[in-house]
Amino acid sequence: MWNWSITSIITKQEANMAMHNPPHPGEALREDVLPAINLSVIGLARHIGYSRGQLSTVLNGRAAISADLAHRLELAGLGSAKQYLAEQAAYDLWQAEHREHPPIARLQFA
């Protein structure tokens, strides 16, 4: 279960930045938060005014947590929007760093 203090949020963000393949933030919502508050996907979707389908794709790691969803989660008391967005950014950056890219030379500045 998550501890929602600002210290733990910063520590979790730093850990995710250096972590090997950080988890998608939707996974923590699905695996930790929903069971802890005894709420279903449908229940959370209704509570925050979000589509069950859209929320389900996030919880299953097939879509990113948007700023709008992060804000709604914060309004519901489920952590800070900045925390969710930082975790999403850490996840996205790790994924980008581990994808195939064409060779890209560093630019030279005068």
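**Helix packing, salt bridges and loop residues**

In the predicted model, V41, I42, L44 and A45 of helix α3 are in contact with R52, L55, S56 and L59 of helix α4, contact meaning heavy atoms within 4.5 Å. Six of the residues of this contact are nonpolar, one is polar and one is charged. Here Ala, Val, Leu, Ile, Met, Phe, Trp, Tyr, Cys and Pro are classed as nonpolar, Asp, Glu, Lys and Arg as charged, and the others, Gly among them, as polar. Helix α3 spans residues 41-48 and helix α4 residues 52-59; their axes come within 9 Å and cross at roughly 120°. The axes are lines fitted to C-alpha atoms, for helices over the stretch in contact, with angles from 0 to 180 degrees between N-to-C directions. The two helices are therefore oblique to each other (under 35 degrees is roughly parallel, over 145 roughly antiparallel, 65 to 115 roughly perpendicular, and the rest oblique). The crossing of α3 and α4 is right-handed, that is, the near helix is turned clockwise from the far one by less than a right angle.

Because this is a predicted model, local features require pLDDT of at least 70 and side-chain atom pairs count only at pLDDT 80 or more, whereas totals for chains, interfaces and linings use all residues. Residues are numbered from 1 along each chain as its sequence is written, and side-chain values use heavy atoms, with hydrogens and water left out.

The protein has six helices and zero strands, assigned as DSSP runs numbered from the N terminus (helices H or I, at least four residues; strands E, at least two). Of its 110 residues, 32% count as buried. Buried denotes a relative accessible area under 20%, exposed over 50%, and partly exposed in between (1.4 Å probe, protein chains only). Among contacts with a separation of 6 or more, 60% are made by residues 24 or more positions apart.

P25 lies in helix α2 and is buried, at 2% relative accessibility. Apart from neighbours within four places in sequence, P25 is in contact with I65, Y84, E87, Q88 and Y91.

Two salt bridges are present, each defined as a side-chain nitrogen of Lys or Arg within 4 Å of a carboxyl oxygen of Asp or Glu. One joins R30 and E31, with the closest N and O atoms 2.8 Å apart. R30 is partly exposed at 30% relative accessible area, as is E31 at 47%. The other joins R72 and D68, at 2.9 Å from N to O. R72 and D68 are four residues apart in helix α5 (residues 67-75), and so are separated by about one helical turn. Both are partly exposed, with relative accessible areas of 26% for R72 and 38% for D68.

Positive phi values occur in two asparagines. N21, in the loop between α1 (6-18) and α2 (25-36), has a phi near 45° and is partly exposed at 37% relative accessibility. N38, in the loop between α2 and α3, has a phi of about 55° and is exposed, with a relative accessible area of 71%.
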